[in-house]
Amino acid sequence: MLSRSGFSIPARTTSRGDWCDMLNEHFVALDVADVADSRFTGAVRSMSLAHLQVSSVRSTTQRIARTDSLIEKDHTEYVQIGMIRRGRAIVVQDGRECALSRGDFAIYDTSRPFDWIIDGHPDDDQWELEVFTWPRHMLRLDDRESSDMTAMAFDGSAGFSGLLGRFLHDLGSTRSTLGASGAQAIADEVGDLVSVIARNTTTNPTIDSPSAALVRSAQRYIDDHLADPELSPGAVAAAMLVSTRQLHRVFAASGTTVARSIRVKRLERCRREIIASVSADRSLGQISRRWGFADLAVFSRAFREQYGMSPRQYRAAACAHSDDPRAVTRSWAEPNRTTRSGQ
C-alpha cells in the first residue's frame with residue numbers, strides 16, 4: 001500500500017501465498033504458478049505520481065496470469081507497461097505473444113486475460129520488472145486501439161520506443177520530489193507519450209485499412225476542434241468528406257462512437273485545466289464552455305460518469321493536494337462582476 005509520501009514500504013516475502021496477496025495489493029488479482037518453492041523470493045516497491053503508479057518487481061522464475069474468473073471478481077481496468085530489467089519474459093494477450101529481453105517492454109490491459117511467463121537470470125534465477133500502471137480511462141485509447149497494442153515487443157533501446165523506454169526507466173529509478181500539480185502533469189504527459197508512440201509503432205501505413213485511416217483522421221480533426229461548440233458527428237463527417245452514417249459505422253468497428261470520442265476528449269481537456277488552474281480565478285463554467293460544453297448540468301453529469309466525482313469535488317481535491325499556496329476553490333458560476341449599492 002502506498003504511503004502518504006507516495007512511496008510504498010518495500011514488501012518482501014518467501015511465501016508463494018503471500019506473494020499472490022502482495023501482487024494483488026500493488027496491482028490486480030493474479031494467479032502465480034510454476035514456482036520452485038525452495039528458491040522462491042519476491043519483492044515489490046511502488047510509488048505514485050498522481051494517477052500513475054511506478055513499481056519495481058523482483059522474484060524468481062514463474063508464470064503470472066490474469067484469468068477470466070479473476071476479472072469477474074476484480075474487474076479493475078488498468079493499462080500497464082512491463083519492462084524487463086533482468087531475465088527474460090514471454091507475454092500473451094489478445095491472441096498474440098511476444099518475447100522480451102533486457103530493456104524491452106510490452107503493453108497489456110487488465111480488463112482482459114493475459115499471461116507473463118518470466119525466467120530468471122541463469123546465475124541466480126532472479127528477474128526484475130518495472131511496471132507502469134494507468135487507470136484505463138486516463139489513457140486516450142479505445143478498445144480497438146488497446147487490443148491492437150497488447151503483447152507486442154517494443155524495443156527499449158532504439159527508435160521512438162527506445163526513447164520512451166529510457167524515459168520510463170529513468171522515471172522508475174528516480175525518487176520523485178514533485179508536488180501534486182507537477183506529478184499530475186508528468187503522469188498526463190507520459191500517458192500521452194505512451195499513446196502516441198504505441199499507435200505509431202504498431203501501425204503499418206502500407207497495410208492500414210481505409211477505415212482505420214479514416215478513424216485516425218477523424219480523431220485528429222476532433223482533437224483540433226474540441227473548443228468549437230458546433231463540433232458534432234455531422235461536422236466531423238463533413239470535414240472528412242463522408243456521410244455521417246459511414247463515419248458512425250467505421251467508429252463502431254473500432255469500438256467507440258463519434259459522440260463518445262468528442263465527449264471523452266473534451267472531459268479530459270477540462271480535467272487537465274482544472275488541475276492547471278487551481279490558483280487561477282477561473283470558474284468551472286468558464287472551463288467547461290472553453291471546451292465545448294454549453295450546458296453546465298450536462299458537463300457535471302458527464303464528468304462524474306467519467307471520473308467518479310463531480311467537477312467541483314475534483315477541483316476541491318486538486319486544491320487540497322496542490323503544492324501551490326495560492327490554490328483556491330472557485331464556485332461553479334461565473335465570478336460576480338457587478339456590485340449594487342448597499343450590497
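The model is predicted, so local features need pLDDT of at least 70, side-chain atom pairs count only at pLDDT 80 or more, and totals for chains, interfaces and linings use all residues. Residues are numbered from 1 along each chain as its sequence is written, and side-chain values use heavy atoms, with hydrogens and water left out.

**Exercise 1.** Determine which residues of helix 8 are buried and which elements cover them.

*Step 1.* In helix 8 (residues 244–253), a DSSP run of H or I with at least four residues, numbered from the N terminus, the buried residues are Leu 247, Val 250 and Phe 251. Buried means under 20% relative accessible area, exposed over 50%, and partly exposed in between (1.4 Å probe, protein chains only).

*Step 2.* Viewed down the helix axis, the buried residues fall within an arc of 100°, so they line one face of helix 8. The arc is that of the directions from the axis to the C-beta atoms.

*Step 3.* On the other side of helix 8, Arg 245, Arg 249, Ala 252 and Ala 253 are exposed.

*Step 4.* The cover over the buried residues includes helix 6 (210–224), helix 7 (233–240) and helix 9 (258–276).

**Exercise 2.** State what kinds of residue line the largest cavity.

*Step 1.* The residues of this lining comprise 13 nonpolar, one polar and no charged.

*Step 2.* Ala, Val, Leu, Ile, Met, Phe, Trp, Tyr, Cys and Pro count as nonpolar, Asp, Glu, Lys and Arg as charged, and the others, Gly among them, as polar.

Note on methods:
Helices (H or I, at least four residues) and strands (E, at least two) are DSSP runs, numbered from the N terminus. Contact means heavy atoms within 4.5 Å.
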